[in-house]
Amino acid sequence: MTTVALHHGFIILPHLWLIPLLPFAGFLINGILGARLPKWLVSTVALLAPAGSFALVAVAALGVRGGAALPYAEATGTNWIDAGMLHVDFSLVLDQLSLIMLLVITGVGFLIHVYSVGYMSHDRGYWRYFSYLNLFLFFMTVLVLAGNVLLMFVGWEGVGLASYLLIGFWYQKTVAADAGKKAFIVNRIGDFGFLIGIFLLLGQFGTLQMSEIAAKLAANPAWTGGVLTTICLCLLVGATGKSAQLPLYVWLPDAMEGPTPVSALIHAATMVTAGVYMIARTHFLFDRSPLALLVVAIVGAATALFAATIGMVQTDIKRVLAYSTVSQLGYMFLACGVAAYSAGIFHLMTHAFFKGLLFLAAGSVIHGLGGEQDMRRMGGLWKKMPVTFWTMTAAVLAIAGVFPFAGFFSKDAILMAAFTQGTAGGKVFWFVGLFTALLTSFYMFRLWYLTFLGKPRSPELHAHESPWSMLGPLVILALLSLGGGWIGAGRFSAFLAPVTGMKAVEAVSTNLEWTLSGLAVAAAVLGWLVAHMLYRRNEGREPLATAPGYTVLAHKYWVDELYDAVIVKPLLMVSRFVLEWVVEFAILGGAAWLLGGIMTFSGAILQKWQSGNLRSYAAWLAAGAAVLLLFALASWNGMLTHVGMHIGNMHIKWAGH
Amino acid sequence: MHLVLFILFAGLCVAAALNLLLQKHPINSALSLVVVMSSLAVLYLLLGAEFLAAAQIIVYAGAIMVLFTFVVMLLNAGREERTLGSRAATVLGFPAVGVVLAVIATTILKAQGLGSVSLSDPITSTAELSRVLFRDLLLPFEVTSVLILIAILGAVALARAGNGHPVKKNVLVGAARGERTVSK
Amino acid sequence: MIPISWYLLLSAVLFCLGMVGFLIKRNLITVFMSIELMLNGVNLSFVTFAHMWHNVQGQIFVFFVMVVAAAEAAVGLAIIIAIFRARGTLAVDRIDLMKL
C-alpha cells in the first residue's frame, strides 16, 4: 500500500482500504455487541463509521484539488483468485468518478445516519438497524472503489443483501418480510445477467481489471458491436435489476416497507444508483456498441415515463416517492444511453440530495403523524411542521427542475444531451423526457398540496414537529438541493472527462440552450399549475378518479399481477411438484423404502439360515471346508509339480532321491 | 504278503465304515466302529507303529467304544426315526464331501516321490516314542493329563441326575413299564 | 511294497465317510460316532507320514489326538445324556432349540 505525497508536501491521499473498513468495523461492533451496549454507545459507533469515511474521502478530495494524480490504484493484500488465466486481487481504485460517488455516499450517508438516531430512537432493534446500515456503507464503498469487475460484483451483491436486511427490518410484519424477499429475488435476476456479462468479459479479455480492459479496447479502435453488444446488454440486465428499471422495477415500491431513512439512503440516494455508476464505469464498453446504448436510452426513457404515470395517482406518500425514484433513475439511464455519462452522474448527485431530502422529510411527516402514510388523511401540516415544510418545498422545487435549484441544472443537461444527440431518436427521447418532467412536477406538487396545504384532515393525530436530530440533516440537504447544481454541467463534465470521456457535442447555439431550458422550466410551471388547480382546495377526494385510464394507473398497469401469474405461480407450482413428488415421495421416500426393503428382504432370506437344524449346519461346515480346500489347491496349483521335490527335500533321513 | 494284509484290513476298514453309515440301529453302528478301530490298529502295525497300535486297541476300541456302547444301551436309543430331515444336508453336503474327497485325492495322486511301505521297514520302538514324549514334549504331556482331569469333572457334572430337569416321559418311562423299545 | 499314497487314500476315504455319516445320520450318538471315524482317518494319515519321514513326531501327534478324543468322547457323551434327559429324544432334527 503506497501513499502519494504531493509536491505540496503535506497533502497525502489516504489508504483507500480504510474507507470501507470503518463501516465494516462499525457493523461488527454493533452487530456482535450491540444488544448489550447502551444506546448512546451504539449511536456513537454507528456515527463514527460514516463520519470517519467521509473525513477520509474529504481528505482525498482535498488532495485531488491540491493536484494529486488520479487514478490512484491501490492493491490490498494478497492475490484473491489465482486460477488458470483468472487473476483477481482486491484492487481499489480512486478516480474522479469514484471520488464523486464516495462523497455522495459517505456524505449523504452520514446525514441519514444522524437522522436515523432520532427516527429509530424508540425501536427495539436499534443496534441491529445501525449495524445493517454500516454493513450497507461497507459494501457500497467497496462497490464504488473496486478496480475490477469481480470486486464490484461483491459490493453489488452485498448491497443487495443489506437492502434485503433493511427492507425486512421489521420482519415480524409479513408484508415487510415479503418485500425484502421480493427485492432480493428480483435483484438476483438482474445479477444473473451481470454474471453472464462477467463471464463474457473474462472470455473476451482474459482479465477482469477494468483498467486493463479499457487499455485493450483502446488498442483496438475498430472493434465494435458483436460480442461487445452482448456483454453490454448483459451488464444492462444487471443494472436494470439493481436500479429498478423496466422490467425489474417491481421491487422498489414494495421496498417502502422498510424504515424511511433506509428508503432515503438505499432506495434513493445510493444503492439504486449503482446501476448508473456501473454503466458509467464501463462506458468504454458501451461506447463501442451503439445498439446497446440505444437500448439503454429506450429503457431509461420508457421507465421514466411509465413510473411517472403511476406516481400520479398513488395515495401513499412513500409510494409516490418510490415511483418518482424509478422515474428519475430512468432519466439517468437516458443520459447514459445518449453517451452523456457525466450528465447522468450529475443528475445522480443532485438526485441524491433532493430525493434523500424528500424521503427524510416524508419520514419526518410520518413520524410527526404517528405513523400515518396515507396522503388523503394528511393536510394543513405547514403550520404544525414548519421546518419540514420549508425543506420539503425546496426538494419539490428541485425535483421539478425549477431554476435555480439543483434539479434544474442536471435535468437540463440530460435533456439537452438527448436533443443534441444527432439522431431522430434523440429528439424523441428529448420529448419523452420533457413530458415526464411535466408529469414529475405535477405529481410532486400534488404531493405537496395534499400533505402540507389545505385543511387538516386528521386533526386527531396531533401532528408535531420532529426533533432537531432529524431536522438538522433536512436543512443541510435542503441547502444542497438549492446549491448542489451550481457547479454547472459543463465544469462537472470537464472534471469527470478523464473517466467518462468527453462527449463530442456539436456546437450548440446559445439560443438553442436557452430555448430548451425555457421549455423545461415551462413544463415544470405547467405541472404546478395543473396541480394547483386540482389540489389547492382538497377535501380528500381524488379529482383524477373520474379521468379515463385512472383504474389502470391505480392498479399500476397490473404489472405485479402479471408477473405473479406468468412467472411466480408457475414457478411455485413446479417447485411444489418437485418438492412433494420428486424429492419427498420418490427420492426420499423411495430411498427409505428401498433401504428398509433391502434389510427386511435380506433378513427374511438370511433368517432361514438360522434353522437350528444341526445337519444343515454340518452341511454348511462341509461346504466351507470344501471351498477352503479348493482355494488352497488353486493357489498352489502352479507348485503342484514341485510337490514331489518339495516333499522330498523335507525328509530327514531318506536314502537319496 | 504285505499286500494281502493291507488289502484285507483296509477293505475291512472301509466295509465297516460303510456299515456304520448304513445301519439303522446305533448299537450296530457302534459295533461296526469297533471293527474299524481294530483294523486300523493292524494298519498301524503294518506302518511300524507298534505302540500306537496297542494304544488304539486299548484306548479307542477298548475304552471309548465301550463307553459309546454303554451310553447307547443306557439311553435305550432305539431305531432311528424318520424325521424331517434337512435339504441342505443332501443338496449342499454331498457335493461338498465329494469336492473334499476329490481335492485330497488329487493332491495325493499328483504328489511325487512319496515312496512306499514295506514290511522290512524299521519299527518305531516305544523307547524312541517315550524319549520324545517325556523329554521334548513333557509339558504338553502333563497338560493332557490336566485335560483328562477336566474332562472327568465335566462329564460327572453334566451327567449327574437330578439337575432339576424334569425327565421327559418318553422312552425311559416306557421302558419302566416294560414296553419293547428295541425293534428288530 | 505298498505305495504310501494308498494309505493316504484310505485315510481320505475314511475321513469322507465320516463326513457323510455326520451329514446323514439322524441319531445323535451315531453322529458322534461319525466324528470319531473322521478322527481315526486323520490318525491314519499322521502315522503314514510319520513312517514316510521317519519322524516320530507324527506318532506323538496321534497319541495326543487319542487323548483328546477320549476326553471329548467322555464329555460329549455326558452332554448327550443331559440332552436326552432334557428333551427326551435323540433325534438330531428335533434338537433345534437354537432356531430363531
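This is a predicted model: local features need pLDDT of at least 70, side-chain atom pairs count only at pLDDT 80 or more; totals for chains, interfaces and linings use all residues.
In chain A, the secondary structure comprises 25 helices and two strands. Of the 657 residues in this chain, 50% count as buried.

Helix α10 of chain A, spanning residues 260-269, is largely enclosed by the rest of the structure, because ten of its ten residues are buried. The buried set runs through A:Thr260, A:Pro261, A:Val262, A:Ser263, A:Ala264, A:Leu265, A:Ile266, A:His267, A:Ala268 and A:Ala269. These residues of α10(A) pack against several other helices of chain A, namely α3 (96-119), α4 (126-145), α5, α9 (251-254), α14 and α15 (341-368).

Two of these partners, α5(A) and α14(A), also take part in helix pairs. Helix α5 (residues 149-167) of chain A crosses helix α6 (residues 174-205) of chain A at roughly 170°, and their axes come within 8 Å. Since angles over 145 degrees count as roughly antiparallel, α5(A) is therefore roughly antiparallel to α6(A). On the α5(A) side, the contact is formed by A:Val149, A:Leu150, A:Phe153, A:Trp156, A:Glu157, A:Gly160, A:Ser163, A:Tyr164 and A:Ile167. These meet A:Ala176, A:Ala179, A:Gly180, A:Ala183, A:Phe184, A:Asn187, A:Asp191, A:Phe194, A:Ile198 and A:Leu201 in α6(A). By class, the contact of α5(A) with α6(A) contains 13 nonpolar, four polar and two charged residues.

The second pair consists of helix α13 (residues 290-311) and helix α14 (residues 317-337) of chain A, whose axes lie 7 Å apart at an angle of about 160°. The helices α13(A) and α14(A) are therefore likewise roughly antiparallel to each other. The crossing of α13(A) past α14(A) is left-handed. In the contact of α13(A) with α14(A), 17 residues are nonpolar and seven are polar, with no charged residues.

Between chains, the contact of chain C with chain B draws 64 residues from chain C and 75 residues from chain B. On the side of chain C that touches chain B, the elements giving two or more residues are β1 (2-3), α1 (4-24), α2 (28-53) and α3 (57-87) of chain C. The largest share of this side, 24 residues, is provided by α3(C). The residues of the side of chain C that touches chain B comprise 47 nonpolar, eleven polar and six charged.

Strand pairing also links the two chains. Strand β1 (residues 116-117) of chain B is joined to β1(C) by two bridges, and the strands run antiparallel. Within this arrangement, B:Ser116 stands opposite C:Pro3 in β1(C).

B:Leu21 belongs to helix α1 (residues 2-22) of chain B. With 18 other C-beta atoms within 10 Å, B:Leu21 is partly exposed, as a residue counts as buried at 20 or more such atoms and as exposed at 12 or fewer. Within chain B, B:Leu21 and B:Leu33 are twelve residues apart in sequence, with a C-alpha to C-alpha separation of 10.0 Å.

Note on methods:
Residues are numbered from 1 along each chain as its sequence is written. Chains are lettered from A and ligands numbered from 1 in the order in which they are written. Two residues are in contact if their C-beta atoms, placed from the backbone, lie within 7 Å. Helices (H or I, at least four residues) and strands (E, at least two) are DSSP runs, numbered from the N terminus. Ala, Val, Leu, Ile, Met, Phe, Trp, Tyr, Cys and Pro count as nonpolar, Asp, Glu, Lys and Arg as charged, and the others, Gly among them, as polar. Two strands pair if DSSP finds at least two bridges between them. Axes are lines fitted to C-alpha atoms, for helices over the stretch in contact, and angles run from 0 to 180 degrees between N-to-C directions. Angles under 35 degrees count as roughly parallel, over 145 as roughly antiparallel, 65 to 115 as roughly perpendicular and the rest as oblique. A crossing is left-handed if the near helix is turned anticlockwise from the far one by less than a right angle, and right-handed if clockwise.
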